[in-house]
Amino acid sequence: MASVILQSPVLVLNRLWQAVNVCTARRALTLLFEGRAEVVYENGNGQFQTFDFSGWRSFTEEIDSDESVNSVSFKIGIPRVILLAVFDRFPKKEVKFTRHNIFERDKNTCQYCGKVLDRSDLNLDHVIPRDRQGPTNWENIVCSCIPCNTRKANRTPKEASMRLIRPPTRPKWRPFMQVNLRTNGHDSWKHFLDVAYWNVEIGQQLE
Ligand SMILES: [Zn+2]
């Protein structure tokens, strides 16, 4: 039973109180114990209190709840949201190399002519053609409209006298929304996710 609770998801906020990740309760308690995070607790009035390990332990040990775990010597509540004490040390997940994320990176824009189009009117183009050993990765795949794709054919941009709007790179935004937060998250996440909804780049939550 305790081990199931320890797997429950905890929302991770950075020092700016922005949602950056989701971890397990086990990981959250470890970070809390090591002084690398604090618990964020919504006190019912829409206000947030923070607790360090000992503060959280004394705050929750009186509460008889199934949202706590008993260790040999003490009982502690399971946090739902934690705030990292150290700036940005939480490991970032990489942006998945998916069709969806490539369209997101390129903002549904043909990288040769600059037209913004529906996804159904865009292809993925190997900048250096595949049969010239062009790899299938962030640095060699771009969105392209069908006319540009046809015109470029099996050539490099230089051979086709075409120019990329910008060189393709691996995106830097954080894909924490890959977890389906809206359905799997806890009520107390709502405030932070609503804020995140407006502040993260569009598409992260759609995958
Ligand atoms: Zn085009």
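1. Let's start with the charged pairs: searching the whole structure turns up 6 salt bridges, where a salt bridge is a side-chain nitrogen of Lys or Arg within 4 Å of a carboxyl oxygen of Asp or Glu. A word on the ground rules: this is a predicted model, in which local features need pLDDT of at least 70 and side-chain atom pairs count only at pLDDT 80 or more, while totals for chains, interfaces and linings use all residues. Residues are numbered from 1 along each chain as its sequence is written, and side-chain values use heavy atoms, with hydrogens and water left out.

2. One of these bridges pairs Arg119 with Glu104, with 2.6 Å between the closest N and O atoms. Arg119 sits in the loop between helix H4 (99-106) and strand S8 (122-126) and Glu104 in helix H4, so the bridge ties together parts 15 residues apart in sequence. Helices (H or I, at least four residues) and strands (E, at least two) are DSSP runs, numbered from the N terminus. Glu104 is buried at 15% relative accessible area, whereas Arg119 is partly exposed at 29%; buried means under 20%, exposed over 50%, and partly exposed in between (1.4 Å probe, protein chains only).

3. Next, have a look at Asp106 and Arg166, whose side chains form a salt bridge at 3.7 Å, N to O. Asp106 belongs to helix H4 and Arg166 to the loop between helix H5 (146-152) and helix H6 (181-184), so this pair ties together parts 60 residues apart in sequence. Asp106 is buried, with a relative accessible area of 3%, while Arg166 is partly exposed at 38%.

4. Arg132 and Glu159 make another salt bridge, at 2.8 Å from N to O. Here Arg132 lies in the loop between S8 and strand S9 (141-145) and Glu159 in the loop between H5 and H6, 27 residues apart. Both ends are partly exposed: Arg132 at 38% and Glu159 at 41%. Separately, salt bridges with shared partners join Arg105, Asp106 and Arg166 into one network.

5. Leu32 is worth a click in your viewer. Beyond its neighbours within four places in sequence, Leu32 is in contact (heavy atoms within 4.5 Å) with residues including Val39, Phe51, Trp56 and Ile76.
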